[in-house]
Amino acid sequence: MSTSDGAVGEFLDEIEPTIFAFGAGITLLFVAAFAVSPDAAYSVVNGIQGWILGQFNWFFLIVMLGFVLFLGFLIFGPWGKLTMGDEDPEYSFFSYFAMMYSAGLAAGIVFWGPAEALFHYSTVPPIYDVAAESAAAMPIAVQYSIFHWSLTQWSCFTVMGLGIGYFVYNYDAPLRVSAVLTPVLGADNVDGALGKLVDILAVFATLGGVATSLGFIGSQFITGLNFQWGIQLGDLGTILVITGMTVIFTISLVLGVDKGIRRLSNFNMVVFLLLMAATLIFGPTIRILELGTQATGRFVGEFFQTSLFTDFTNGGSWSNAWTVFYWLWPLAWSPFAGLFIARISRGRSVREVAFAGIGATSMATIPWFAIVGGSAVIMQHSGAANILGPVTEYSEAVSGYVLFGALPLVGTVLLFAFLVLVTTFFVTSADSSTLAVSMMTTGGKEHPSSINRVFWAVLQGLVASILMVVGGVNALQSAAIITGAPFALVCLVAMLGLIRTFQKETGGALLQDKTNVFGRPSGSDSTSGRVQVAQDDD
């Protein structure tokens, strides 16, 4: 048998046919619907999204806050000492954290860093009675961008990663998203109909989420070329940009976790820290530190208020468009991010995973928005740069071009570093998501074949290219949000399953095992209690 036959044979042998076929099939049907009738398809998808946001916004806010509190308890509580299997950790903590950060929200964090605070500065969140574009709006703007991208967004990734990893490495569940159902179904039964349904939805959500991000990053380059140099790309140019980025992340993907994703993630974090430091040094340094300090203080002090703000008096319009939307987006990504976190967390303690997931990631994210977002707001307010004008005319994709171009001495260098960072962070997200889809569609194989990984990488690039040309990327984003709704329940099941399992293994964290929540303790009554007291008195 030739080498190619052997590779193809391995690919055919390893796939889980139901999850593979339905995951790819649903995605292709979705794309076909938009290719045939984009307006009608978008109307249907957008209507479903609007209904979900209108009816269940309160639920998503409460659940995501619950994930944060649960992870905080794991970091500081007794369950944190439990481990994900008996082996030693596979990577250094820095590499582990870098891969987790790069696989998650990092591309969005870099993309929105110069832009989001400007939106809240020009249109202040209705929770505050502050004039737009005023000095008082500046710390609020940075505060809300920190709130949207730090603790809470990362919480569902981390809960899902813990839920999958703990049951895979301690209970021999398959390395798939459906592993979180182990406390309900048992490790031997997660391969049933319910488990496969969860995995199929996870495949679709992952393909939709990453294809949409690929469209966003591609649009940043296309819009930036038009804004900066007046170069306009047609449909062919758009396809070439998407194809080029797909080729880059496919090469990294084929190299594997250690040679590809780990090394690129370490590179990402070094460039990320250097760009952040350079922005602080060459920007309005003292003003950035003052604004960032105040915004961080507001974020901490008003965390619960902003976490539970439903915008009730305005019918939830602002909250749904910003906070609830931001919570549903990572929920849609939670299957692949959680599966990838589980893949690299073997040997880690529960405390380490929880801390890396919401603690270390926030320690990197908060300074980024304080420095980069703060610089944008300060320069806009002082008149040093007009960033809102181009953003209004083109889109938020040009905010980085204006901000870094306005910094003295090193603006061009920082702009180049910014574009490289957005690209490489996206590449690692695409790598990890494609690896996760490959694992899900092979029944939990930790090292899927190269053909499997290349197939899903090419499919993601194809989906993004078609939808960008027919104008369906926003609809794909809406569809990903729709899939985020059921994964709020899956993440909740993962959290409750972990609580139940941890209690069985270590005993109750708050109440002793023999304590009854309701009713009198078994084997006792009031008479025996009085007799015992009397005997003790004697």
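What share of the 538 residues in the protein is buried? Buried residues make up 57% of them, where buried means under 20% relative accessible area, exposed means over 50%, and partly exposed lies in between, with a 1.4 Å probe and protein chains only.

Before going on, a word on the source. This is a predicted model, in which local features need pLDDT of at least 70, side-chain atom pairs count only at pLDDT 80 or more, and totals for chains, interfaces and linings use all residues. Residues are numbered from 1 along each chain as its sequence is written, and side-chain values use heavy atoms, with hydrogens and water left out.

Now the overall make-up. The protein has 21 helices and zero strands. Both kinds of element are DSSP runs numbered from the N terminus: helices are H or I with at least four residues, strands are E with at least two. Contact here means heavy atoms within 4.5 Å. Taking contacts between residues at least 6 apart in sequence, 82% join residues at least 24 apart.

Next, the core. A nonpolar core is a set of buried Ala, Val, Leu, Ile, Met, Phe, Trp, Tyr and Cys residues joined through side-chain atoms within 4.5 Å. The largest one has 176 residues, and Y101, I164 and F272 have the most contacts inside it. Helix α14, residues 317–344, supplies the largest share of this core, 17 residues. As a general point, nonpolar side chains in soluble globular proteins tend to be buried together. What does I164 touch, leaving aside neighbours within four places in sequence? I164 is in contact with L175, R176, V177, A179, V180, G338, L339 and A342.

On to helix pairs. Axes are lines fitted to C-alpha atoms, for helices over the stretch in contact, and angles run from 0 to 180 degrees between N-to-C directions. Angles under 35 degrees count as roughly parallel, over 145 as roughly antiparallel, 65 to 115 as roughly perpendicular, and the rest as oblique.

On the α4 side the contact involves F93, Y96, F97, M100 and Y101; the α15 residues they meet include F355, A356 and A360. This contact divides into 10 nonpolar, three polar and one charged residue. For these classes, Ala, Val, Leu, Ile, Met, Phe, Trp, Tyr, Cys and Pro count as nonpolar, Asp, Glu, Lys and Arg as charged, and the others, Gly among them, as polar.

Then there are α3, residues 38–76, and α8, residues 151–171, with axes that come within 8 Å and cross at roughly 65 degrees. These two helices are therefore roughly perpendicular to each other. Their crossing is left-handed, meaning that the near helix is turned anticlockwise from the far one by less than a right angle, while clockwise would be right-handed. The contact of α3 with α8 has 10 nonpolar, four polar and no charged residues.

The last pair is α17, residues 399–406, and α18, residues 411–440, which pack at an angle of about 150 degrees with axes 7 Å apart. They are therefore roughly antiparallel to each other, and α17 passes α18 in a right-handed crossing. G400, Y401, F404 and G405 of α17 make this contact with G411, L414, L415, F418 and L419 of α18.

Now some single residues. V142 sits in helix α7, residues 137–149, and counts as buried at 0% relative accessibility. Its C-alpha atom is separated by 5.8 Å from that of A295, 153 residues apart along the chain. Beyond four places in sequence, the contacts of V142 include A117, L291, A295 and F369.

S375 belongs to helix α15 and is buried too, with a relative accessible area of 0%. Not counting residues up to four places away, S375 touches T279, I288, A370 and L403.

Finally, the backbone. Most residues other than glycine have a negative phi. Which way does phi go at E133, positive or negative? E133 has a positive phi of about 60 degrees although it is not a glycine. E133 lies in the loop between α6 and α7 and counts as partly exposed at 43% relative accessibility. D311 also has a positive phi of about 60 degrees. This residue is found in the loop between α13 and α14, and D311 counts as buried at 1% relative accessibility.
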